[in-house]
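Hi everyone, thanks for making time for this. I'd like to walk you through a structure, going from a single residue out to the whole chain and back again.

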Amino acid sequence: LSAIDTVVFDKTGTLTQSHPEVAEILSVNPEKYTREDILRLSACLEEHFPHPVAKAVVRCAEERDLRHAEEHTEVEYVVAHGIASLWRGKRVLLGSRHYLCQDEGIDVSIMGSEIERLSRNGYSLLYLAVDGALEGIIAMEDPVRPESAALIRCLGELGISHVMMLTGDD
């Protein structure tokens, strides 16, 4: 280890407190799917997974007393990308921008200015698509651990010239 010059950290729970929270919920078309609908459907999909972000979405829905029936089929978890399922006969996707845009060909440009604003403010974004169209975004915040900055400075003092963060977020 004395010869290394690079350290790569995971984000959630390593550099952050691993207690993410829902900061904001956006709907592309509130007359079609309200913010509550976006959160309810997302929680319905996420409740099957133990990841801290999934737990945060489910917790937020519970705090808002949003109940949901199991209206989806088997949930497919695409590692480091997101979730796919059928809901009311429609294909639903929930996950990262990379997953929806690059892997699934979903256009998110309709929310471009909002995505930019949320990203600039440091939020991690979950994208929800229904039948090939973006319908909502959930902005997540996960506070940085207080000791993270000091740790990274210390690594620099030890001669580690490259410190990177690897994350599934934008």
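**Starting from one threonine**

Let's begin with threonine 16, which has a relative accessibility of 4% and so counts as buried, since the cut-off for buried is under 20%. Before I go on, please keep in mind that this is a predicted model.

Where does threonine 16 sit? Threonine 16 belongs to the loop between β1, residues 6-10, and β2. If we leave aside its neighbours within four places in sequence, threonine 16 is in contact with Lys11, Asp142, Pro143, Val144 and Arg145. With one of these, aspartate 142, there is a polar contact of 2.6 Å between the side chains.

**The whole chain**

Now let's zoom out. The chain has 5 helices and 8 strands. Reading from the N terminus, the elements go β-β-α-α-β-β-β-α-α-β-β-α-β. The C-alpha trace spans about 55 × 30 × 30 Å along its principal axes. Of the 170 residues in the chain, 39% are buried. And if you take contacts between residues at least 6 apart in sequence, 64% of them join residues at least 24 apart.

**The sheet and its helices**

Next, the sheet. There is an open sheet of 6 strands with antiparallel pairing, in the order β2-β7-β6-β5-β4-β3. The edge positions go to β2 and β3 (76-78), each of which has a single partner strand, so one side of each lacks a neighbour in the sheet. From one strand to the next, the twist averages 20 degrees.

Two helices to point out here. Helix α1 packs on the sheet and touches β2, β4, β5, β6 and β7, with its direction at about 125 degrees to that of β2. Helix α4, residues 112-120, also packs on the sheet, touching β2, β6 and β7, and its direction makes about 170 degrees with that of β2.

**A closer look at β6**

How many of the residues of β6 are buried? The count is 7 of 7, so this strand is mostly covered. In a regular strand, side chains alternate between the two faces of the sheet. You can follow that along β6: Ser124, Leu126, Leu128 and Val130 point one way, Leu125, Tyr127 and Ala129 point the other way, and all are buried.

On one side, β6 pairs with β5 in the antiparallel sense over 4 bridges. There, leucine 94 stands opposite leucine 128, and valine 92 has valine 130 as its bridge partner. β6 also pairs with β7, again in the antiparallel sense, over 7 bridges. Here valine 130 stands opposite alanine 133 of β7. The two strands β6 and β7 form a hairpin with 2 residues between them, and in that turn aspartate 131 has a positive phi of about 50 degrees.

As a reminder, nonpolar side chains in soluble globular proteins tend to be buried together. In this model, the largest nonpolar core has 27 residues, and those with the most contacts inside it are Val22, Leu39, Leu41, Leu45, Val57, Ile138 and Met140. At least two residues of this core come from each of β2 (21-27), α1 (35-46), α2 (52-63), β4 (82-87), β5 (90-95), β6 (124-130) and β7 (133-141). Which element gives the largest share? That is α2, with 7 residues. There is also a second, separate core of 17 residues, which includes Leu93, Met111, Leu118 and Leu125.

The structure holds 2 aromatic pairs. One of them is tyrosine 33 with tryptophan 87, a tilted pair at 6.1 Å centre to centre and 50 degrees between the planes. Tyrosine 33 is in the loop between β2 and α1, and tryptophan 87 is in strand β4, so the pair ties together parts that are 54 residues apart in sequence. Both tyrosine 33 and tryptophan 87 are buried.

Aspartate 103 lies in helix α3, residues 97-103, and is partly exposed, with a relative accessible area of 41%. Leaving aside neighbours within four places in sequence, aspartate 103 is in contact with His81 and His98. Its side chain makes a polar contact of 3.1 Å with that of histidine 81. Aspartate 103 and histidine 81 are 22 residues apart in sequence, and their C-alpha atoms are 9.1 Å apart in space.

Conventions. Residues numbered from 1 in each chain as written. Predicted model: local features only at pLDDT ≥ 70, side-chain atom pairs only at ≥ 80, totals over all residues. Heavy atoms only, no water. Core = buried A, V, L, I, M, F, W, Y, C linked by side-chain atoms within 4.5 Å. Buried < 20%, exposed > 50% of the residue type's maximum accessible area, 1.4 Å probe, protein only. Pairing = 2+ DSSP bridges. Axes fitted to C-alpha atoms, helices over the stretch in contact; angles between N-to-C directions. Contact = heavy atoms within 4.5 Å. Polar contact = N/O pair within 3.5 Å; in protein donor to acceptor, adjacent residues only side chain to side chain. Phe/Tyr/Trp six-rings, centres within 6.5 Å; stacked < 30°, edge-to-face > 60°.
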